[in-house]
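User: I would like to learn how to read the domains, the sheet and the chain contact in a model of this kind. Could you take me through them in turn?

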Amino acid sequence: MDLMAVTLHVNGSANRVEADSDIPLLWVLRDQLGLTGTKYSCGIGICGSCMVLLDGMPVKACRITAAACAGKKITTIEGLAEQADHPLLKTWLELQVPQCGYCQSGQIIMAYALLSEKHDPSADEIDQAMSQILCRCGTYPRIRQAIQQASEMIRAKDLS
Amino acid sequence: MKPFDPERRDFLKKSALSAGSALVLGIAWSGEIAAATDTTPGFKPNAWLKIDTDGLVTLYIAESEMGQGPFTSLSMLIAEELEVDWQKVQVEHAPLDPAYGFQGTGGSRSVRRNWKTLREAGAVARQMILAAGAEYLKAPIESCQAQLSRITHRPSSKSVSYAELVGRAAEMPAPKGVALKQPEDFRLIGTPVTRLDLADKLNGKARYGIDTKLPNMVYATIAQSPVFGGRVKSFNDSEIKQRSGIIDCFELEEGVVVVAQGTWHAFQARKALKIDWQGGKTAQLNSDNIIQRLSDETSQKASLILQRGEPIAQLGSALKSINSEYRLPFQAHMTPEPMNCTVGVENGRYRVWAPTQSPTSAMATAVKALKALMPEFSEAELEARIEIVTPLLGGGFGRRIKQDYVTQAVKIAHRLQRSVQLIWPREEDVQHDHYHPLTQHRLSGSLDQAGNPQVWHHLITGLQSSKYGADTLPYDIPHVRVEMLRLDSPVPIGPWRSVSNHYNAYAIEHFFDELARAGGQNPLELRLKLLTESRLNAVLQRAAEATAWHQQDQQRILGCAVHSSFGSHVAEIVELIRLDEHKLKLGKITCVVDCGIAINPDTIRAQLEGSVIYALGAALKPPIRLNNGRVEQHNFHDTPILSFKETPPIEVIISNSRLDPGGVGEPGVPPLAPALANALLSAHGTPVTRLPMKLNGAS
């Protein structure tokens with residue numbers, strides 16, 4: 001494995017790291033940058049606990065190399081949470097969505113990506129997007145409610 | 001848990017708390033390895049709470065927070081009597097200490113066993129603050145009142161905050177006995193308060209075991225024998241050690257360990273391991289033959305669990321009889337956070353961050369592991385060198401009652417004599433779980449001419465199976481015999497959310513419908529007629545009303561089941577919608593729970609929703625299968641859990657009462673699978689004798 005210098009733009013700051021050419025972004029975030037809000041759970045791109053935004057698009061951080069993210073804008077849950085007044089974070093809080101909370105960074109990132117693309121997603125579109133993130137505690141009913149309510153808040157703002 | 005003892009009020013100052021072991025040895029932990037030892041001034045009347053000079057209240061919760069909500073529910077119990085402002089309450093896991101009794105979370109017991117103790121802990125503290133406040137206000141204590149972190153002299157409305165009273169309160173004698181509030185005076189209990197662990201679970205700051213980072217820490221992973229009990233014969237250690245980022249590679253009793261600079265390097269090296277395994281206890285066994293093989297080998301006989309009425313053999317043959325055999329598979333826990341444990345090592349001492357359901361067991365496990373490596377020390381000496389820290393748990397469901405990852409991490413840390421984090425990759429987690437056992441249920445029953453069940457016979461044969469859930473048949477059937485043949489299991493078995501209630505309730509509740517239908521009776525009506533537990537009867541009645549049970553037709557088919565477990569009573573009704581002649585889909589699931597007094601309705605709702613989804617996954621998704629002694633599955637692709645789009649609408653109805661609280665983490669699990677099977681029996685006319693169920697076509 002070759003070590004290479006990579007500059008990662010994470011949550012608005014540039015980080016220069018020495019990384020293996022094939023190391024997934026997930027492990028650079030967690031072990032090298034200490035951004036542990038992005039979670040490991042399956043490592044094979046199924047569970048979605050490691051979802052981050054790459055130039056605004058949802059990406060599973062265990063399935064993309066850190067090297068491939070050089071020069072792109074990476075947003076993790078720690079960065080997203082800085083927008084504390086975002087409707088999604090408000091409804092997530094109001095509906096008390098998390099239980100163990102382990103998958104919730106992935107859930108919130110995915111929901112954010114969905115609502116960024118479409119302020120008024122259909123039930124089917126919510127299904128398609130959110131079925132990519134698994135939750136063992138069974139918070140799905142509340143996630144659905146939180147997305148629907150956030151969508152209403154965003155649309156009300158669009159109209160005003 | 002030991003009864004509350006006010007004499008232990010200043011225990012936090014005096015006892016050799018685990019953090020105090022530093023003093024015992026005269027060596028201080030350095031850097032980040034040191035847990036935050038709280039030395040700030042404040043009022044600490046007992047092990048459960050502290051109020052600091054800013055009025056911030058810290059509560060120490062001795063049950064593991066794994067999503068089921070004890071941080072919040074148990075804090076409510078203390079805060080209710082302490083009369084503090086909920087906005088000023090923060091919470092953390094208690095250290096391991098005898099003051100808390102056995103620290104182990106399971107059996108949906110958290111609220112039940114703390115119900116009185118924690119209210120008393122809060123009340124004692126409140127009385128001391130009240131006495132301090134009266135003194136400060138120069139008023140008789142009888143005319144003062146504690147509310148929202150203030151003591152108020154009612155006649156004059158003069159008041160003083162708890163923050164200002166911290167010093168004085170600590171000097172007050174602890175009352176010998178305290179009166180607890182009556183339910184009508186509850187201010188917090190019964191209200192859906194904000195979870196105390198919520199904010200950090202939305203911003204990435206929540207720290208789970210896997211998020212522990214120590215200075216100069218290295219990362220380890222393990223490969224254990226795919227055949228249970230197998231040992232390493234040889235492996236390519238020199239090749240592995242040459243890989244980039246690899247620090248060490250060695251054999252433990254449990255398997256081969258790789259130590260690396262990062263988790264990724266360790267995982268990649270684990271994949272490159274070529275291990276020659278030998279032996280193993282399960283080599284010839286698979287899911288289809290294991291019950292038969294183990295039954296043939298055992299000299300054990302089935303033991304009697306429950307007997308009522310006449311011995312079964314003496315009953316006449318004039319009754320109409322039916323027989324069934326169900327087989328329920330192994331299931332994995334699939335906690336979202338894989339097994340892991342981090343150990344800080346310094347000067348011969350070990351600080352262990354264990355995301356465990358039992359810090360007490362983690363300590364015993366760590367002591368045992370070190371005793372084998374350092375026999376010259378006594379257990380007590382070793383215990384003084386170990387500290388257990390409990391971070392948040394990314395799911396538990398019973399898996400983290402077992403401590404195998406703690407044993408391994410302690411052994412690895414001892415060998416390396418440096419701080420190390422052990423992480424199992426998901427594949428290791430799936431193949432080395434302590435599984436829900438495989439069980440077989442032989443059932444027979446007889447009906448009289450009017451279609452009323454007269455005879456019930458249930459033989460459970462299972463791997464380390466348990467009688468709970470089958471030891472009290474809740475129906476008025478005159479002749480009952482329940483027996484169990486409990487087989488020693490070469491496959492690791494452990495508690496899985498609701499434990500034996502899951503398989504035993506399936507057998508009882510599905511066979512009940514078979515019997516009812518054989519006698520031409522409506523299964524819900526027959527239950528209401530025969531249920532001997534009035535609370536179970538009441539929840540079923542309520543579920544029947546909520547779902548309009550009697551308005552079923554070919555397009556809308558319902559199945560019901562009931563079960564009492566962990567002190568609570570639950571009825572569930574599953575709705576199937578017929579899309580066309582060949583296709584059914586899940587409709588709404590209705591769950592009615594009587595868990596006594598509802599402490600935090602929001603948590604109860606969340607736990608019941610989660611239980612339904614957990615159980616639905618087990619009913620519909622491929623289970624764990626043993627093949628040639630090894631688990632065939634690897635990861636979420638072949639051990640799927642229920643997904644977002646597969647989750648039907650769920651309605652939870654809480655039947656509130658003033659009775660003592662029952663558990664809520666598990667009781668929602670057992671009725672789900674039989675309720676679904678009963679709906680399918682109604683739709684297709686055939687019982688569901690094997691899992692996973694298929695909504696369409698024979699199962």
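Analyst: Let us begin with domains, whose bounds come from an automatic or database domain assignment. This is a predicted model, in which local features need pLDDT of at least 70 and side-chain atom pairs count only at pLDDT 80 or more, while totals for chains, interfaces and linings use all residues. Residues are numbered from 1 along each chain as its sequence is written, and chains are lettered from A and ligands numbered from 1 in the order in which they are written.

User: What does the domain assignment of chain B give?

Analyst: It gives domain 1 (6–201), domain 2 (210–280 + 339–423) and domain 3 (290–331 + 435–684) of chain B. Taken over C-alpha atoms, the centres of domain 1 and domain 3 of chain B are separated by 41 Å.

User: How many residues of domain 1 of chain B are in contact with domain 3 of chain B?

Analyst: Two residues are in contact if their C-beta atoms, placed from the backbone, lie within 7 Å; on that basis, 17 residues of domain 1 of chain B are in contact with 20 residues of domain 3 of chain B. Helices (H or I, at least four residues) and strands (E, at least two) are DSSP runs, numbered from the N terminus, and the elements giving two or more residues to this side of domain 1 are helix 3 (70–82) and helix 4 (110–137) of chain B.

User: In what order do the five strands of the open sheet in chain B stand?

Analyst: Strands pair if DSSP finds at least two bridges between them, and here the order is 13-21-20-19-14 in chain B, with mixed pairing. Strand 13 (303–308) and strand 14 (320–328) of chain B stand at the edges with a single partner strand each, so one side of each is left without a neighbour in the sheet. Strand 19 (residues 439–447) and strand 20 (residues 453–463) of chain B run antiparallel and are joined by nine bridges, and Arg442(B) has Leu459(B), in strand 20 of chain B, as its bridge partner.

User: Which helix of chain B gives the most to the side that touches chain A?

Analyst: The contact takes 42 residues from chain B and 43 residues from chain A. Helix 7 (263–271) and helix 16 (601–620) of chain B each supply at least two residues of the chain B side, and helix 16 of chain B gives the most, with six residues.
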